[in-house]
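This report is meant for a reader who is new to the structure shown below.

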Amino acid sequence: MGIRSRHVGMAGVLLALGACGQAPAGDPGELTASPSDPGGAVHLAASQTCTPGSVAECQAVGDEHVVVAPSEFTRVGVTTATPAADGSAAVEVVFDAAGAAAFLEASRQAADKGESGRLVLRVDDQVISAVRVPSAVAVTQLHISLPDHLQPQDVVRQIGES
């Protein structure tokens, strides 16, 4: 099951281009965990929409504003991250067992916030999306649609370094 999400409208991305868990040079970029390299991560937070300027943490995410408090994010372990197989501006991730449990809990918390609740996904320090979830979601894989200014290979590298 994939969840497609709203895009972030922010410019200026810091891209970290390390080699943690990457495929060999020439591959389009992928992360695969192994016993010596446990993989990477994305970060999730249950949040809510806000009025611009209402609180310091209120950020534009796509076409709405969401409270993005750095201390609220939880690391969600990823065993595999690859650019989307269909060639779209997206990344496909597979969570480790703890990551799948963390995703379920974060989605439950976001759903509990009601209509204004959002599940916010961050890679490195870049907020990628904020999506409304009507109920808790149990998934082991996620299809993450990216904002236009991000390249899937770069996001895969960032996930590997997280």
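C58 has V67 in β4 as its bridge partner. The two strands β3 and β4 form a hairpin with two residues between them, and G62 in this turn has a positive phi of about 65 degrees. Strand β4 (residues 64–67) has a covered face, made up of E64 and V66, and an uncovered face with H65 and V67.

## Basis of the model

This is a predicted model, in which local features need pLDDT of at least 70 and side-chain atom pairs count only at pLDDT 80 or more, while totals for chains, interfaces and linings use all residues. Residues are numbered from 1 along each chain as its sequence is written, and side-chain values use heavy atoms, with hydrogens and water left out.

## The chain as a whole

The chain contains two helices and nine strands, taken as DSSP runs numbered from the N terminus (helices H or I, at least four residues; strands E, at least two). Along the sequence, their pattern reads β-β-β-β-β-β-α-β-β-β-α. Of the 162 residues in the chain, 46% count as buried, a term that means under 20% relative accessible area, with exposed meaning over 50% and partly exposed in between (1.4 Å probe, protein chains only).

## A buried loop residue

V139 lies in the loop between β8 (126–131) and β9 (141–145), and V139 is buried, with a relative accessible area of 7%. Between V139 and F103 there are 7.5 Å in space, C-alpha to C-alpha, although the two are 36 residues apart in sequence.

Note on methods: Two strands pair if DSSP finds at least two bridges between them.
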